[in-house]
Amino acid sequence: MKVNADRLWDMHLQVAALTDPASPFTRRSFTPQYREMRTWLRETLIGLGLPVTVDAAGNLLGTYPGTGDRYIAVGSHTDTVPCGGRFDGVSGVLAFVEAFRCMQEAGFSPVKSIVGIDFLAEEPSEFRLSCIGSRLATGNFTDEMMNLEHRQTKKSLRDALAEWGGDPTKLFPGRSLFADGKFDGFLELHIEQGPILESRNLDVGLVEGICSVTRYDFTVLGRADHAGNTPMNMRSDAVVASARVIDAISRIAGDNLSKGPYFTATVGKVDVSPNGTNIIAEKVDFSLDIRSQDNALVDASLEAIFRVAEETAEQTGTQINTTRISRSQPAMSDPALLAVLEKVAGELDLSHTRMLSGAGHDAAYVSKIMPMAMIFIPCRDGRSHTASEFSSREQLEKGANLLLHSLAALSA
Ligand code: HGY
Ligand code: MN
Ligand code: MN
């Protein structure tokens with residue numbers, strides 16, 4: 001069996017059109033473009049004659065039937081970040097659709113059924129939560145999360161879920177939606193979203209672990225005053241205070257580079273109000289996103305950051321409040337699944353390496369209830385979360401062939 005590279009590429013072009021024309025390749029969760037994508041996926045899977053369902057967590061599932069009573073799962077997500085790319089997440093979904101087509105064409109009849117999953121809202125959503133579908137489906141959520149409000153519509157996640165085919169009454173913290181113990185593994189193909197594979201000219205990456213993702217919101221409260229008549233020593237300037245804390249975050253993360261474990265800290269979202277050129281800022285909201293596979297290093301770095309925030313508030317006469325949004329745990333891949341990926345990559349003559357993922361993925365939540373492993377494919381200049389994100393037809397073909405043959409090996 002071999003994937004049809006043209007067909008896989010054409011699907012990418014088709015779904016790239018199901019995005020917000022005003023900001024290229026944006027397909028935010030819970031939006032009309034996302035609804036179009038879900039409809040396209042449902043119709044495509046039904047067109048293959050496969051049963052399609054939506055689980056209580058709002059995930060869309062298409063199942064390639066096996067003869068036995070055990071399962072293998074495969075999947076990723078189809079929502080994007082604002083002005084995101086054409087490959088992040090969706091390549092993993094289109095790759096399993098293409099694998100199902102190839103299996104059908106080859107008359108492949110597995111013992112284990114293969115469940116293809118489009119997880120709901122993997123990216124940080126307007127509910128201030130990421131990996132919504134995989135958290136909820138694996139029981140990794142709290143009841144408070146269900147009450148989170150959408151930034152714009154003010155609708156609760158509970159209500160939104162029902163509008164996307166989910167059923168909040170069937171979701172319980174700590175309880176998985178996947179049939180207990182019947183799933184023997186989960187595979188996710190994803191673009192690397194970093195520079196390693198391309199710089200080493202490798203075909204695929206075999207992900208041995210996914211870093212934890214820790215997110216905080218900072219709110220810095222100063223006082224709005226006139227930019228011209230307020231002496232420098234009589235201000236409480238929320239932008240100046242924020243800049244000092246943000247600079248400290250970057251320095252602390254830089255110092256961690258020499259400590260060994262993988263560590264990144266990013267301030268990606270900064271909102272200033274009232275945001276006028278001749279007004280001293282009254283308030284700044286900014287986000288903090290930390291990745292590492294070392295919990296102790298995350299704790300120590302957060303402590304150092306909060307200490308700087310305290311000192312800065314003192315020095316600038318501002319008030320700095322922090323709110324923890326979420327903190328996931330590092331997730332290790334299953335050695336047996338990795339060994340299968342490694343064996344199949346060798347058989348397909350794909351150059352490969354084992355590597356960590358600094359990016360978060362649905363696979364991290366799935367790993368709590370079944371063995372997991374991921375396949376990375378290179379992306380141009382290592383770029384992602386931007387409209388210029390790009391993986392070539394050949395790179396997609398190689399990764400999808402590894403996925404196809406690994407699924408065939410695992411479900412036989
Ligand atoms: O943020 C991440 O790591 C992923 O792209 N959602
Ligand atoms: Mn992403
Ligand atoms: Mn992704």
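**Before you start**

Residues are numbered from 1 along each chain as its sequence is written, while chains are lettered from A and ligands numbered from 1 in the order in which they are written. Because this is a predicted model, local features need pLDDT of at least 70 and side-chain atom pairs count only at pLDDT 80 or more, whereas totals for chains, interfaces and linings use all residues; side-chain values use heavy atoms, with hydrogens and water left out.

Helices (H or I, at least four residues) and strands (E, at least two) are DSSP runs, numbered from the N terminus.

**Stop 1: helix 1**

Select residues 5-16. Helix 1 has twelve residues and reaches 17 Å from its first C-alpha to its last, close to the 16 Å expected at 1.5 Å a residue. The expected span is 1.5 Å times one less than the number of residues.

Now colour A5, R7, L8, W9, M11, H12, V15 and A16, which are buried in helix 1. Buried means under 20% relative accessible area, exposed over 50%, and partly exposed in between (1.4 Å probe, protein chains only). These buried residues pack against helix 2, helix 3 and helix 12 (393-411), where contact means heavy atoms within 4.5 Å.

**Stop 2: helix 2**

Move on to residues 32-47, the 16 residues of helix 2. Its end-to-end C-alpha reach is 22 Å, close to the 22 Å expected. Which residues of helix 2 are buried? Pick Q33, Y34, M37, R38, W40, L41, T44 and L45. They share one side of helix 2, because they cover an arc of only 160° around the axis; the arc is that of the directions from the helix axis to the C-beta atoms. An α-helix has 3.6 residues a turn, so residues three or four places apart point the same way.

Turn the view around: the face away from the buried side carries the exposed residues P32, E43 and G47. To see what the buried residues of helix 2 pack against, show helix 1, strand 1 (52-54), strand 2 (60-64), helix 3 (90-105) and strand 4 (113-119).

**Stop 3: the cavity**

Select V15, A16, T19, F25, R27, T80, G85, R86 and V90, which line the largest cavity. A search of the whole structure finds one cavity of 30 Å³ or more, and about 30 Å³ of space lies in the largest cavity.

On a 1 Å grid over the protein atoms alone, a cavity is a set of points where a 1.4 Å probe fits but cannot get out, and lining residues have an atom within 4 Å of a point. By class, the lining has four nonpolar, three polar and two charged residues.

**Stop 4**

Most residues other than glycine have a negative phi, and most peptide bonds are trans.

- C83, in the loop between strand 3 (71-77) and helix 3, has a positive phi near 55°. C83 is partly exposed, with a relative accessible area of 39%.
- R128 sits in the loop between strand 4 and helix 4 (132-137). Phi of R128 is positive, about 65°, and R128 counts as partly exposed at 36% relative accessibility.
- S273 and P274 are joined by a cis peptide bond with omega of about 10°. P274 is in the loop between strand 9 (270-273) and strand 10.

**Stop 5: L197**

Zoom to L197 in helix 7 (residues 196-199). Is L197 buried or exposed? At 0% relative accessibility, L197 counts as buried. Not counting residues up to four places away in sequence, L197 touches E192, L202, V204, G205, T353, M355, F376, I377 and P378. Draw a distance from L197 to T353: their C-alpha atoms are 156 residues apart along the chain and separated by 8.3 Å.

**Stop 6**

T264 belongs to strand 8 (residues 263-266) and is partly exposed at 26% relative accessibility. Leaving aside neighbours within four places in sequence, T264 is in contact with D289, I290 and R291.

Finish at helix 9 (residues 295-316), whose 22 residues reach 31 Å from first C-alpha to last, close to the 32 Å expected. Among its buried residues are L297, V298, L302 and I305. What covers the buried residues of helix 9 includes strand 7 (212-221), helix 8 (238-256), strand 8, strand 10 (283-292) and strand 11 (319-327).

Key. 1 Å grid on protein atoms, 1.4 Å probe; cavity = no way out; pocket = protein on both sides within 12 Å on 5 of 7 lines; lining within 4 Å. Points joined across faces, edges and corners; volume = space filled by probe spheres on them. Nonpolar A, V, L, I, M, F, W, Y, C, P; charged D, E, K, R; others polar.
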